[in-house]
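Dear colleague,

I am handing over the structure below, together with some notes on what was found in it. Please keep it open beside you as you read.

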Amino acid sequence: MPRFYRGGTGSAPAREISVATTAGPPARSRRRSTGVIGANFRPLLKPDWRALGLDSAWAQEFKEQVEARWRLHADDPRRYCDTTRAQTLPQLFGSAYRTYLIEGEAIGLVNWRQMRPFKTTLRLVDPDLLCNPYDAADEERLRGGVEITRDGVARGYHFRRGHRDSAWPNVAEAMSWKRIAREGRNGRPQVIHFFDKLRDGQTRGVSRLAPIVERLKMEDHYSRVELQAAVINAILAAFIKSPIGPEMMEEMFGEGDGETFLNYQSDRAAFYGGRGGVKLGGARVQTLYPNDEIGMVSTARPAAQFADFEAAVLRHIASGLGISYEQLASDWSKTNYSSARAAMIEIWRGWTARRVAFAQGFCQLYFMAWLEEQVLDGHIALPRGAPDFHTFWPAYARAKWIGPGKGFVDPVKEAQAAAMRVALGLSTLEEEAAELTGTDYAENMEQIGREISAMPEGMLHPAQESFAKLLGPAVAGPAQTSED
């Protein structure tokens, strides 16, 4: 059951709201995680060779070597990158992002496992486990399990060793805590804590679903009521109306022992029982007990206003989440091309901002810790005379993270627009490949080179066609004659 927190600037939630939804926040958070993180979230290394005083040739060689090692680590089907060996790294990043959407924060521990091919591993932690020791009240330097300095810098985290709501007896661990420093020796990340800091002094995250909790509950409750009404209508098709009303009941029981009423009911039961009851499924009701009538249940439900009501609620929810209604409800039935393009641009702008923030605040820290291991263990060598790794750590580990592409509403127009942006110098082929298809341009070129070399003699690869043909006759301009 997801939990949504409403709190102040402190770290501990001031109020906990539990919401039970069948296809609400968890399903929609998975959809958003798919759009932002996707199935193969990975770094595109861009070492700052100018800041390092090195050359671009070294930067290209360093990039290829690091990315090859990263693929071995992140995509290993044995899942050694996960401390629990349950997920690959892209899957871990997706789980962390979903936790951030629902809980308002994502927490990971950078562990060291000596016997694994890559010693650096990632362990995701339930935010519920981050709390003050012995559930004590917040203090000036300890708020919701986060230990801070005088300047407000988080320097340590206190984790409950076991969840207090676990299904198995776990009293000892549930009442014991472990402190883990934010960083280790040489600044190596040990705890990665990502959340949106909305105001000064905040040390814990607030769920992005918190503003819409009440509307989610209302929409869920209304959907359940309508479903129950539809089921009842389907089961109860008809009923028998009896002339016995409140007035006759009062008259019968006003005096005497009610024998007349009991005899009446006994006669009715015998009448219907002797005839096998009233049958409606394929058999005609021939006779009824005197003064009884057949009543049919109206099948007007679900209510005609249900769809409009649900759409209105979902629009409010989408507004609270900062996304479009079409994206939230997956309803594109009333959307034309222009509206779809406008919605995609708005959605993509928000997703890009979220992707950059999460990549820099969560994924990049783990990547830096992993790169440190590779350099210090000698798997990745630095050139002679290169600057100290720890001093220029961010420059060596500078990267752009690639997720799923934006996709296409009109593939031809999108490709033409991308080619025009590159031709005018407004973008690069690398940027367009990452944005539109979520691929690495360098890898694409290597594959295209292999495909061209494998082509039979006299056959051209599609990539060998000119830009003018790709842009189309409308953009390429009028054809020139021999006189021109």
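Predicted model: local features only at pLDDT ≥ 70, side-chain atom pairs only at ≥ 80, totals over all residues.

Residues are numbered from 1 along each chain as its sequence is written, and side-chain values use heavy atoms, with hydrogens and water left out.

The side chain of Asp-76 meets that of Arg-78 in a salt bridge, with N to O at 3.1 Å (a salt bridge is a side-chain nitrogen of Lys or Arg within 4 Å of a carboxyl oxygen of Asp or Glu). Arg-78 counts as partly exposed, because its relative accessibility is 44%.

The structure holds 14 salt bridges, and one of them joins the side chains of Arg-71 and Glu-443 at 3.4 Å, N to O. Arg-71 lies in helix H3 (residues 56–74) and Glu-443 in helix H15 (residues 441–453), so this pair ties together parts that are 372 residues apart in sequence (helices, H or I of at least four residues, and strands, E of at least two, are DSSP runs numbered from the N terminus). Arg-71 is partly exposed at 39% relative accessible area, and Glu-443 is partly exposed at 33%.

Another salt bridge is formed by Lys-400 and Glu-431, whose closest N and O atoms are 2.6 Å apart. Since Lys-400 lies in strand S13 (residues 399–402) and Glu-431 in helix H14 (residues 429–436), the pair ties together parts that are 31 residues apart in sequence.

You will also find an open sheet of four strands, in the order S6-S7-S8-S9, with antiparallel pairing (two strands pair if DSSP finds at least two bridges between them). Its edge strands are S6 (142–143) and S9 (177–181), each of which pairs on one side only. Strand S8 (residues 154–160) and S9 pair in the antiparallel sense over five bridges, and Arg-160 stands opposite Trp-177 in S9. Arg-160 is also linked with Asp-135 and Arg-164 in a network of salt bridges.

Notes. Buried < 20%, exposed > 50% of the residue type's maximum accessible area, 1.4 Å probe, protein only.
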